[in-house]
There are 2 protein chains.
Amino acid sequence: MNICPLLYFSDHIKIVDQRRLPSKFVYVRCNNERDVYKAIKEMKIRGAPAIGIAAAFGLWLGLRRIKTTNKAVFLKHLNSLVDFFSSCRPTAVNLFWALERIKNIVLEKKDLPIPKIKDLVYRSAIDILKDDYYRCRRMGHLGARLIKDKDCCLTICNAGGLATSGFGTVLGLFFEAKNERKKFKVIACETRPLMQGARITLWELKQNKIDATLICDSAAAYLMAQKKISKVFVGADRIALNGDVANKIGTYNLAVLANFHNIPFYVVAPLSTFDKNIKRGEDIKIEYRDEKEITSFYFKRKMAPSGVKVLNPAFDVTKNNLISAIITEVGIIRPPFIDIIWKIF
Amino acid sequence: MNICPLLYFSDHIKIVDQRRLPSKFVYVRCNNERDVYKAIKEMKIRGAPAIGIAAAFGLWLGLRRIKTTNKAVFLKHLNSLVDFFSSCRPTAVNLFWALERIKNIVLEKKDLPIPKIKDLVYRSAIDILKDDYYRCRRMGHLGARLIKDKDCCLTICNAGGLATSGFGTVLGLFFEAKNERKKFKVIACETRPLMQGARITLWELKQNKIDATLICDSAAAYLMAQKKISKVFVGADRIALNGDVANKIGTYNLAVLANFHNIPFYVVAPLSTFDKNIKRGEDIKIEYRDEKEITSFYFKRKMAPSGVKVLNPAFDVTKNNLISAIITEVGIIRPPFIDIIWKIF
């Protein structure tokens, strides 16, 4: 069962409000660019590929409301909209990649009449969505070979259908391995502070009848020491040209632990996650989010005394030397990553 | 400011219901052994030394209600009460240590009249409380030398006044270093699932005006990589004779991370935390607690789909080779631990 986090219509889109999972599975309507911006910012929709797709449709919704017949004015609006969405969330590169891709298509075809350009943007957004789905399926197909009978795979956050166009990166591997009737288990880290592992990953795994267990993020080391975890699979929000990976906070934690316990650590991400402009992980901008996500967001009451300082980095960076392989839609990249990544881009 | 989690009176005790912190600081009354048992089991009172103290008073409350004048019957009741409290929580050894200590005192003085024995048990429980306070102060005094100006110390869970007789083990070091006017900072891991770091440690640090910051457990690795943490201090629930340490889940995680980042990793615990009957960490029984602690306890709503499997180990074991030193009230023990620990016991 694949679930797309985004549905498109002729004048609006609908997205799954993932903050309400697993209690409620509801689509909310986005009529314009501001609705989409807010949905990404507030993490109604999240996951690197998914926010790229959402931003593409957001760009379209923004452009379609522009009334001008003046091409220069129209293109200026395009640039403003690209800047607008670029300010939305800083770490996942797929957002910038999707905006750039659509902007380039428009600039290439800028001699077309404005209505045709609007239509082109719409079709480009749909292409990005469909293309992502195809790429996820390829990753699933290529990566599932890494999963063997009796494996117990650890994952963090949600790199599933709802983080992409509907099939997922990490979870795509699991869905494919399940289709291939492999007998494996999954352990999902709850993923503080927003609990995407507990709320979304376990929900997707349950829909697909995969044997899954929830743990606190801090319990991973203990289970590794007990030899209860055989492989770690994580998604990515941005990958530098040397193979350093930015992903959900806690990923680097798992990479160090996997290294210490001699457990393979795999990253699963489409090529749109690689950033041609970033040479090393240190250069990736890490988003810090509101402290209330930690102290009160999902809680019945305040979880920390008033006025305490809080650090809430949403992502961390895993150095390439801790990564066993990166599974992409064009193949499984193994160390040394840098040569192969340079060859691809 | 020191806060004792337990107050004693002539016919009852009061304990701070720590589950309600930081919102409410309230004492709840325990009139009998069942009240105390429940308070420990439900973690109204927690922390290895504190539950030892509570069990000692629980034993007294149980014995004082026994009406018999038959010494053999009385001693049988004593054994039942020891068994009763021993079944309460399995990992922290201070519980067993305190029960054993009181039982031995009674057996030594078993020729005394029953009312005198009851009084002796009461005074023994008070001794354990006062003795723990003295030992915490000694640890604070000895251990504070490890804290230097500009240090940023990471800790997990709550090894503070409320986990002991009022001064704390790890936090005792911080309070002492603060008294010595050292300029250092503390980062506290929130400590899922019950959030003792966020709720209790930060509350105690704030009361004592120590510069403290809250993070998610999974963010520790990222901050270490950024050289924002210079030392790690953790408490202990049980220490094996070879120096392996059982403590709050996530402690072993931090030990591996500290090792990887070349950061000293210190354990602070009184001698009552050492278990003479346990040679290695593998032999320590780890308590698994209710899955609801992870999926719903403090939350406004369910955080995971119904029916998913959950693993909720409350503790983990850190191997001695990951520990830089163990700070006790009789001195700072450095590796190889085994020789020194054998010498002490």
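Biologist: Which residue forms a salt bridge with B:R19, and how far apart are the closest N and O atoms?

Modeller: B:R19 pairs with B:E42, with the closest N and O atoms 3.7 Å apart, where a salt bridge is a side-chain nitrogen of Lys or Arg within 4 Å of a carboxyl oxygen of Asp or Glu. The pair links distant parts of the chain, with B:R19 in the loop between β2 (13-16) and β3 (27-30) of chain B and B:E42, 23 residues apart from it, in the loop between α1 (33-41) and α2 (48-64) of chain B. Bear in mind that this is a predicted model, in which local features need pLDDT of at least 70 and side-chain atom pairs count only at pLDDT 80 or more, while totals for chains, interfaces and linings use all residues. Residues are numbered from 1 along each chain as its sequence is written, chains are lettered from A and ligands numbered from 1 in the order in which they are written, and side-chain values use heavy atoms, with hydrogens and water left out.

Biologist: And B:K44, is that one buried or exposed?

Modeller: B:K44 counts as buried at 15% relative accessibility, and its side chain meets that of B:E42 in a salt bridge of 3.9 Å, N to O. B:E42 is partly exposed at 31%, and B:R19 is partly exposed at 23%; buried means under 20% relative accessible area, exposed over 50%, and partly exposed in between, with a 1.4 Å probe and protein chains only.

Biologist: How many salt bridges are there over all chains?

Modeller: The search of the whole structure finds 38. One of them joins A:R123 and A:D119 at 3.3 Å, N to O, and these residues are four apart in helix α5 (residues 114-143) of chain A, so they are separated by about one helical turn.

Biologist: Changing topic, what does strand β6 of chain B pair with?

Modeller: Strand β5 (residues 185-189) of chain B runs parallel to β6(B) and is joined to it by four bridges, while β11 (residues 309-310) of chain A, also parallel to β6(B), is joined to it by two bridges. Strands here are DSSP runs of E of at least two residues and helices runs of H or I of at least four, numbered from the N terminus, and two strands pair if DSSP finds at least two bridges between them. The bridge partner of A:V310 is B:L214, and that of B:C189 is B:I215.

Biologist: Are the faces of β6 in chain B covered or open?

Modeller: Both faces of β6 (residues 212-215) of chain B are covered, with B:A212 and B:L214 buried on one side and B:T213 and B:I215 buried on the other.

Biologist: Which residues touch the most other members of the largest nonpolar core?

Modeller: They are A:L154, A:V232, B:L154 and B:V232, in a core of 94 residues; such a core is a set of buried Ala, Val, Leu, Ile, Met, Phe, Trp, Tyr and Cys residues joined through side-chain atoms within 4.5 Å. A second, separate core of 78 residues includes A:V186, B:C153, B:L171 and B:F174.
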